[in-house]
Amino acid sequence: QVQLVESGGGLVQAGGSLRLSCAASLRTFTTYTMAWFRQAPGKEREFVASVRGSGSNTNYADSAKGRFTISRDNAKNTVYLQMNSLKPEDTAVYYCAADYPWTGGYDYWGRGTQVTVSS
């Protein structure tokens, strides 16, 4: 049973930082591209950032560039999202996702962790 378990969410003031973690029970963790998505109330889920298996290839949404950093520790089967300079509009449920190559989409999802940024 594959599980992605997010942690690290919480309430923070604007300008503050949070570090999200996602622990994945994937047997071949390095095969997967790992990503973070988020969904704000009343809005569709949107892509935030992704990282390829080796950790050297990353991709970010424009809203995350320069403020968020995605990374992974393959020895721990864990992916991180360091979020700095947080804004109220970053408030959302943040989801971890895993994409196996050539399947046409993200194959596994976590249950999410709430991030609330107060102004």
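Start by selecting S5 and strand S6 (residues 58-60), which pair in the antiparallel sense over three bridges. The model on screen is a predicted one. Within this pairing, pick Ser50 and then Asn59 in S6, its bridge partner. Now follow the chain from S5 to S6: the two strands form a hairpin with six residues between them, and Gly55 takes a positive phi near 90 degrees.

Five bridges join S4 to S5, and the two run antiparallel. Select Met34 to see one of these pairings; its bridge partner in S5 is Val51. S4 and S5 also form a hairpin, with six residues between the strands. Colour Gly42 in that turn, where phi is positive, about 80 degrees.

Which residues have the most contacts inside the largest nonpolar core? They are Met34, Trp36, Leu81, Met83 and Tyr94, in a core of 29 residues. To see where the core draws its residues from, show strand S4 (33-39), strand S5 (46-51), strand S7 (68-73), strand S8 (78-83) and strand S11 (113-118), together with S3 and S9; each of these elements gives two or more residues to it.

Next, hide everything except S1, S3, S8 and S7. These four strands form an open sheet in the order S1-S3-S8-S7, with antiparallel pairing. At the edges are S1 and S7, each of which pairs on one side only. Looking across the sheet, the twist averages 15 degrees from one strand to the next.

Four bridges join S1 to its antiparallel neighbour S3. Click Glu6 and look across to S3, where Cys22 stands opposite.

Then step from S3 to S8. This pair is antiparallel as well, over six bridges. Select Arg19 and find its bridge partner in S8, Gln82.

Still in S3, select Ser21. Is this residue buried or exposed? Ser21 has a relative accessible area of 17%, and buried means under 20%, so Ser21 counts as buried. Show what surrounds Ser21: leaving aside neighbours within four places in sequence, the residues in contact are Val5, Glu6, Ser7, Trp36, Thr78, Val79 and Tyr80. Two stops from earlier come back here.

Finish with the cysteines. How many disulfides are there? The count comes to one. Select Cys22 and Cys96, which it joins, with an S to S distance of 2.1 Å. The link connects distant parts of the chain: Cys22 lies in strand S3 (residues 18-24) and Cys96 in strand S9 (residues 92-99), 74 residues apart. Both Cys22 and Cys96 are buried. Last, display the torsion about the S-S bond of Cys22 and Cys96; it is about -80 degrees, so the disulfide is left-handed.

Technical notes
Residues are numbered from 1 along each chain as its sequence is written. This is a predicted model: local features need pLDDT of at least 70, side-chain atom pairs count only at pLDDT 80 or more; totals for chains, interfaces and linings use all residues. Side-chain values use heavy atoms; hydrogens and water are left out. A disulfide is a pair of cysteine sulfur atoms within 2.5 Å. Buried means under 20% relative accessible area, exposed over 50%, partly exposed in between (1.4 Å probe, protein chains only). Two strands pair if DSSP finds at least two bridges between them. A nonpolar core is a set of buried Ala, Val, Leu, Ile, Met, Phe, Trp, Tyr and Cys residues joined through side-chain atoms within 4.5 Å. Axes are lines fitted to C-alpha atoms, for helices over the stretch in contact, and angles run from 0 to 180 degrees between N-to-C directions. Contact means heavy atoms within 4.5 Å.
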